[in-house]
Amino acid sequence: MTQTRYYRTRSPEPEKEKTGGGGGTAMRVIVPLQGVVQGRGGLVLGSIIPCALFYFLQFYLKRNRDDPDDKNESNSTSQNPTIRSPSSEHLTELPGLTRSLSRALLSPRNSGPVSISARVSGIVKGGDSPYYMGLKRVKEDPYDELDNPNGVIQLGLAENKLSLDLVKDWLAENAREAILGNGKELSVSGIAPYQPFDGLMEFKVAVAGFMSQVMENAVSFNPSQMVLTAGATPAIEILSFCLADTGNAFLVPTPYYPGFDRDVKWRTGVEIIHVPCRSAENFHLSIAALDRSFNQAKKRGLKVRGVIISNPSNPVGNLLNRETLYSLLDFAREKNIHIISNEILAGSTHGNEEFVSMAEIVDQEDTDRKRVHIVYGLSKDLSLPGFRVGVIYTFNEDVLAAARKLSRFSATSAPTQRLLISMLSDTKFVRTFITTNRERLQRMYVQLVAGLEKMGIKSIKSSGGFYCWADMSGFISSYSEKGEVELWDKLLNIGKVNVTPGSCCHCIEPGWFRFCFATLTEKDIPVVMERIQKVLKPVN
Amino acid sequence: MAIEIEQPRVGLSKVAVSKTHGEDSPYFAGWKAYDENPYHETSNQSGVIQMGLAENQVSFDLLEKYLEEHSEASSWGKGAPGFRENALFQDYHGLKSFRQAMANFMEQIRGGRAKFDPDRIVLTAGATAANELLTFILADPGDALLIPTPYYPGFDRDLRWRTSVNIVPIHCDSSNNFQITPEAMEAAYQSAESMNLKVRGILITNPSNPLGATIQRSALEQILDFAVNKNIHLVSDEIYSGSTFSSSEFISIAEILETRGYKDAERVHIVYSLSKDLGLPGFRVGTIYSYNDQVVTTARRMSSFTLISSQTQHLLACMLSNKEFSENYIKTNRERLSKRYDMIIKGLKKAGIECLKGNAGLFCWMNLSPLLEKPTRESELALWKVILNEVKLNISPGSSCHCSEPGWFRVCFANMSEQTLEIALERIHKFMEQRKRN
């Protein structure tokens, strides 16, 4: 029977140790197939029909593959290792298949050039979104007040250059000793050999202290519950690998950071379900919306493993208040799922609103600690994205154990750790930095928002991050993604200003744009306003 | 009495609970024993000597000297002029100056016999990440890679865990000094086929870990031919290329490609790292060098998950582009490793133990099969336990490297001082004497 043959052939283990299980492999096929059928016909028909189709396809392909004389390579997805003809047709992906489905089928094979895996071949063409195109344009033609006054001004990158001088000054005085000696004699043996992949304990202690300072000492962090990674990007991916299986899903409120699509989904095969937030609620997360999305996912046969929130949020800059966080925890408990709280901008709050970490919420609620995992990093709050320091902070020992082992694939560099231990242990420096940085962020934010307001562009009140979330729906030619992208294009190519259109962040309402201000100087703001004004032609 | 309602435990993924990390195997159990009772020259002379860690500590002084004399490497110079740009730099292309320095370094190691284009270098945080990344790119879940045995135990974890790719071994044995033969490769391929696993590539380590020997030119030609014939990829992990005892004895797959005019190159990918040759595993520096444009582009994008700290790139770009330093380092390092190797071989021979003739790496491949009660894995593990618990040496049993012949052990010699190595050799000598008497 083809069916049993499938199970037996897909899950053998040539090595003695057994991994996952054949059932898991089968699920990897069934679930995406259900997705294709969009759940119509319910669970039973939704799985039987595509499965039957799949097995017949498998059977057909296997029969072709077994024929050693078969030189017919162009139309089948079978592998024929003896074909070496240079003129043989390239095999392309079967049209109309989702990436997850094509992964489940036998990978299309080029019988000419050697092929790469199906799981990445769809991604190679990526990078065409406005988000990446805009960044590219700025790189090619960057604005400089003196050297390139007609260049593209960058408002599309959530980086903070406002307080780099403080870090630079510290480093100019302390770097060498910090890396090698810490006051003792020069020693390469302190940084060269193998270190624990999840970070030096000394560094964890320093980072835990920093996190606490950044969050106004409302909560203290235990270094033993930390795993350090080469940036927050792998931190998110590692959690995705640990908390969900291929084909499972996370609920993520929109609009969200475009990078999540790569970090959460790409190599893991995990899906993201959008939970739309709306301007009527100032894009705040609603538990009712979470619940609706959860139920819809269930109907589609998608197993939800957790919710990913960003607090402060990107691109809006919202803070989640205490009440919402408690409700979120209730929701997670009710559905027995995880919460990933991305708090990498916790130190970049400005204004008067209180920042509350998820760590503070679970401090008192003992039983639910195991479902909460916090992501942090030094790229935003300390303006050191190049140094690659990310944090997974979790109360769950099993996640800790797994993440520790997985950190080997994304470990922080020892000399960088040494340098930062010194910097972060200098509490006076840290205190000055955090305060000064917040002041500068506040100042720029206010100026940018005021400038936009003068042109009739209103922004959502933001309390954190390096950007404001502005409503330009009054200026788009049609109330649609198309209209929005047209405006983005005009701003980039006529106005020479790179901003991020809301559609990149999966915003459900067209016309919203993210304007980053922390890569600008105060002198740049009037220039930016002038250029935007040039482009705007109000519709109606 | 209150009724306790048990909360359903929130579940983890299969990846998280899988044992594919392999940390329950003897290879890692020995490390635990060492961690609990580590040898120290003065404070713990009866502790376990770690001979299971392939780390290179013989040339630290050269690194120290460089860093002492070149403060601009670790501090961006006076006033830190380059700092701002460096701190913000997270471009997955990597610092051009660093890629150039790596390309040059790789060329130097190969005596200029192969050229490397810096734009084909993709940077990763260590070779561990590079190998996993390539596996994600070259193979789909359920597919297979062929790997000659014995191989580095970490491959089971690095290549299979998150990728769900299988390893099918190419069996090699002592009858021909564990060399890879076309027959063995074909047998492995057939074995994969019979399990209905699609073979996507063959991965070789050259110089070999754990054998400590380079792969001969003829074998490399045969391996490349095999990959072409089956239309699969060839990954050549050359992280020990700078640790050959004589520069002329290492032949890189890059040289083979060069002589073939780079025909069939698009299936070849080289992994390199500074962890072994430069003794800097803590820095987390690995590279993928691919002759396939699609692989380079994809690997670059994927390297977002495993970027090298820009500070580290800057430091190493300075160091490696200093020709005087790099040439002297390569030469001196080779000489010292060669000396260590001679020392351990001599010491083992005196104790009546033979090793495979090696010419590279940080370890030797020792034959203790005459000591086995029975030629079985169980006997080998029993002997390993005795050596760990009584002789107090952590060495790696061949079975953890999937060696099909029981009785072989990998013994590292570069992660300790010469004095410690002497102590270790004395212990082995004593152990062998005792066994002779009994």
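Where in chain B does B:Pro207 lie? Select B:Pro207 and you land in the loop between strand 5 (199-205) and helix 10 of chain B; helices (H or I, at least four residues) and strands (E, at least two) are DSSP runs, numbered from the N terminus. Before going further, a word on what is on screen: this is a predicted model, in which local features need pLDDT of at least 70 and side-chain atom pairs count only at pLDDT 80 or more, while totals for chains, interfaces and linings use all residues. Residues are numbered from 1 along each chain as its sequence is written, chains are lettered from A and ligands numbered from 1 in the order in which they are written, and side-chain values use heavy atoms, with hydrogens and water left out.

**Stop 1: the cis prolines of chain B**

Stay on B:Pro207 and look back along the backbone: the peptide bond from B:Asn206 is cis, with omega near 0 degrees. Now move to B:Pro210, which lies in the loop between strand 5 and helix 10 of chain B. The bond reaching it from B:Asn209 is cis too, with omega near 15 degrees. As background, most peptide bonds are trans, and most residues other than glycine have a negative phi.

**Stop 2: two helices in chain B**

Select residues 182-194 (helix 9) and 217-230 (helix 10) of chain B: they pack at an angle of about 30 degrees, with axes 10 Å apart. The axes here are lines fitted to C-alpha atoms over the stretch in contact, and angles run from 0 to 180 degrees between N-to-C directions. Show side chains next: B:Pro182, B:Met185, B:Glu186 and B:Tyr189 of helix 9 meet B:Gln222, B:Ile223, B:Phe226 and B:Lys230 of helix 10, where contact means heavy atoms within 4.5 Å.

**Stop 3: positive phi**

Go to B:Phe178, in the loop between strand 4 (166-170) and helix 9 of chain B. Its phi is positive, about 60 degrees, although B:Phe178 is not a glycine. Is B:Phe178 buried or exposed? It counts as buried, at 3% relative accessibility (buried is under 20% relative accessible area, exposed over 50%, partly exposed in between, with a 1.4 Å probe and protein chains only).

Jump to chain A for A:His506, in the loop between strand 12 and strand 13. Phi is near 65 degrees at A:His506, again a positive value in a residue other than glycine. A:His506 is partly exposed, with a relative accessible area of 24%.

**Stop 4: helix 17 of chain A**

Select 481-493 of chain A. Helix 17 has 13 residues and reaches 18 Å from its first C-alpha to its last, close to the 18 Å expected at 1.5 Å a residue (the expected span is 1.5 Å times one less than the number of residues). Colour its buried residues: A:Gly483, A:Glu484, A:Leu487, A:Trp488, A:Leu491 and A:Leu492. They pack against several elements of chain A, including helix 6 (130-140) and helix 18 (524-535).

**Stop 5: zoom out**

Chain A holds 18 helices and 13 strands, and 59% of its 540 residues count as buried. Colour chain A by domain: domain 1 is 125-163 + 432-536 and domain 2 is 182-426, with bounds from an automatic or database domain assignment. Their C-alpha centres are 26 Å apart, and 30 residues of domain 1 are in contact with 39 of domain 2.

For chain B, colour 24-59 + 325-431 as domain 1 and 75-323 as domain 2.
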